[in-house]
Amino acid sequence: MNAPLKFAASMVIFGSIGYFSVKTNLPSIELVFIRCLCASLLLGFVWWLGRRKRAEKNQEPALRKDYLFALLCGFFLIVNWVLFFRSFELMSITVAVSIYHLAPVLVLILGSLLFKEKITLPAGIAIVTCFIGTLLVGGIQQHSSFDDFLSTGVLWAFGAAFFYALTTLTGKAIRTLDPILLTIIQTSLGVVLLLPLIDWTKFSQLSVGNWGYILLTGFVHTGFVFYLFFSSLRGLKAQTIAILVFLDPAVAILLDVLLTGYHPDTYQILGILLTFLGMGYAFKK
């Protein structure tokens, strides 16, 4: 699977995380902790199984700076997750995801500065189109002022978007570290950072169904998805990443409509169409 397809697959799977997270019945910190724990166990086992193959390849050790970038990227990732799942507690999945995915605009701008990547006119048009689309889907037209819009709790999603952009760009700078080991480092860091903050009483009221959704978010939406995510970043330009990430909100919105009964208004439907229009550019590249 080539880099664009890997990244696209990770976005499609991750697009269902909002629906699954609501079904877990866990607050954001506890949910992120379980996700990190499950992913660390799964990917640690996969890493152990592949030890012989790695020894036969006699690969050169990863650069020390890549381990430092992995820890920094992991910190950004954990903060991003906590803020993102917190936003689900305060607003609808569609609104939270739409605001969260303003992150590609930050990826495009920061990527052009850090990696000296030229922003082409078509790419710029595509990003602006997606940006307008996500604002409309987020329901900005339903509020009398921008301050009123922010007072709904959208700052949690905006904060998550900022740290998502930092996660993406920092991950792109990691060149020699194996993607599985990279994800293990990041999720293990999450376990360590969040362990002192856990309220263990939150786990005493969970049903079997809740645990099913929790384990799926840990093993599939965390371990497998972020292996695809980080293994594909190195082969993609920032502007390609900035457009393909809109697969995530597209899937999230679709599931919100089909499974939770969310009904977008006319402006939000227009926003969804604009988002798909912007994403179409990525598949022509």
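**A close look at Ser40**

Author: Let's start with a side chain: that of Ser40 reaches the backbone oxygen of Cys36 at 2.8 Å. The side chain of Ser40 also makes a polar contact with the side chain of Thr187, again at 2.8 Å. A polar contact here is a pair of N or O atoms within 3.5 Å; within protein, one must be able to donate a hydrogen and the other to accept it, and residues adjacent in sequence count only if both atoms are side-chain atoms.

Before we go on, some ground rules. This is a predicted model, where local features need pLDDT of at least 70 and side-chain atom pairs count only at pLDDT 80 or more, while totals for chains, interfaces and linings use all residues. Residues are numbered from 1 along each chain as its sequence is written, and side-chain values use heavy atoms, with hydrogens and water left out.

Back to Ser40, which sits in helix α3. Helices (H or I, at least four residues) and strands (E, at least two) are DSSP runs, numbered from the N terminus. Ser40 counts as buried because its relative accessible area is 14%; buried means under 20%, exposed over 50%, and partly exposed in between, with a 1.4 Å probe and protein chains only. So who covers Ser40? Skipping neighbours within four places in sequence, Ser40 is in contact (heavy atoms within 4.5 Å) with Ile184, Thr187, Ser188 and Val191.

Now slide along to Val46, also in α3, which spans residues 28–49. Val46 is partly exposed, because its relative accessibility is 34%. Together with Phe45, Trp48 and Leu49, Val46 makes up a nonpolar surface patch with about 410 Å² of accessible area. Patches like this use residues with over 30% relative accessible area and no salt bridge; like charges are joined within 9 Å, and nonpolar side chains (Val, Leu, Ile, Met, Phe, Trp, Tyr) within 5 Å. A salt bridge, by the way, is a side-chain nitrogen of Lys or Arg within 4 Å of a carboxyl oxygen of Asp or Glu. The areas come from the Shrake-Rupley method with a 1.4 Å probe, and for residues only the protein chains shown count as cover.

Helix α3 has a partner in α2 (residues 17–24): the buried residues of α2 pack against α1 (3–14), α3, α5, α6 (93–100), α11 and α13 (247–259). Six of the eight residues of α2 are buried, so this helix is largely enclosed by the rest of the structure. Those six are Ile17, Gly18, Tyr19, Phe20, Ser21 and Thr24. Just after α2, Asn25 takes a positive phi of about 65°.

What about α5, one of those packing partners? There are 17 aromatic pairs in the structure. In one of them, Phe76 and Phe163 have ring centres 6.1 Å apart and planes at 50°, so the pair is tilted. Phe76 is in α5 (64–88) and Phe163 in α9 (146–172), so this pair ties together parts 87 residues apart in sequence. Both of these residues are buried. Rings of Phe, Tyr and Trp (its six-membered ring) pair if their centres lie within 6.5 Å; planes under 30 degrees apart are stacked, over 60 edge-to-face, and the rest tilted.

Zooming out, the protein chain has 14 helices and zero strands, and 54% of its 285 residues count as buried.
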